[in-house]
Amino acid sequence: MTDDASRTDTTTGPAALSSQFQGSTDEVAALYDAWADTYDADMDASDYDIPEKIATMLSQLGSIEGEILDAGCGTGRSGAALRAIGAL
């Protein structure tokens with residue numbers, strides 16, 4: 001579980017993102033490398049549910065059968081949400 005200090009630390013985690021929008025590719029990669037150990041806990045603490053919302057929206061369009069490429073970043077949340085609605 002993350003503490004309040006990790007949410008306000010401007011070198012890692014969500015608070016660092018805004019400072020990195022103008023960063024180089026290497027700087028952004030370093031940010032995510034530093035954030036990797038607490039990423040899931042930080043997302044859980046912020047009630048991040050975008051993968052589930054997108055999967056719900058897709059399922060409302062009709063049957064989702066077959067392969068979907070999850071070419072995003074992160075730890076597999078989108079893939080898990082898509083699998084839950086029938087994607088391979």
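**Fold and contacts**

Read from the N terminus, the elements of the protein run α-α-α-α-α-α. That comes to six helices and zero strands. Helices (H or I, at least four residues) and strands (E, at least two) are DSSP runs, numbered from the N terminus.

Ground rules next. This is a predicted model, where local features need pLDDT of at least 70 and side-chain atom pairs count only at pLDDT 80 or more, while totals for chains, interfaces and linings use all residues. Residues are numbered from 1 along each chain as its sequence is written, and side-chain values use heavy atoms, with hydrogens and water left out.

Now burial. Buried residues are 19% of the 88 residues in the protein. Buried means under 20% relative accessible area, exposed over 50%, partly exposed in between, with a 1.4 Å probe and protein chains only. The protein exposes about 6,300 Å², and carbon and sulfur atoms supply 54% of that. Areas come from the Shrake-Rupley method with a 1.4 Å probe; for residues, only the protein chains shown count as cover.

Contacts: take those in the protein with a separation of 6 or more, and 43% of them are between residues 24 or more positions apart. A contact is heavy atoms within 4.5 Å.

**Helix H6**

Which residues of H6 are buried? In this helix, residues 77-84, they are Arg77, Ala81 and Leu82. They sit on the same side of H6, because they cover an arc of only 130 degrees around the axis. The arc is that of the directions from the helix axis to the C-beta atoms. The face turned away from that buried side carries the exposed residues Ala80 and Arg83. Helix H4 (39-45) and H5 are included in what covers the buried residues of H6. Just after H6, glycine 86 takes a positive phi of about 110 degrees.

**Salt bridges**

How many salt bridges are there? The count is three. The rule: a side-chain nitrogen of Lys or Arg within 4 Å of a carboxyl oxygen of Asp or Glu.

Aspartate 40 and arginine 77 meet at 3.2 Å, N to O. That pair links distant parts of the chain, with aspartate 40 in helix H4, arginine 77 in helix H6, 37 residues apart. Aspartate 40 is partly exposed, at 32% relative accessible area.

Arginine 77 also bridges to aspartate 44, closest N and O atoms 2.8 Å apart. Arginine 77 is in helix H6 and aspartate 44 in helix H4, so this pair ties together parts 33 residues apart in sequence.

Aspartate 49 pairs with lysine 53, closest N and O atoms 3.6 Å apart. Both ends are partly exposed: aspartate 49 at 31%, lysine 53 at 47%. Shared partners join Asp40, Asp44 and Arg77 into one network.

**Aromatic rings**

The whole structure holds two aromatic pairs. One is tryptophan 35 with tyrosine 39, edge-to-face, at 4.9 Å centre to centre and 65 degrees between the planes. Rings of Phe, Tyr and Trp (its six-membered ring) pair if their centres lie within 6.5 Å; planes under 30 degrees apart count as stacked, over 60 as edge-to-face, the rest as tilted. Tryptophan 35 counts as buried because its relative accessibility is 2%. Tyrosine 39 is buried too, at 15%. Tyr32, Trp35 and Tyr39 form one aromatic cluster.
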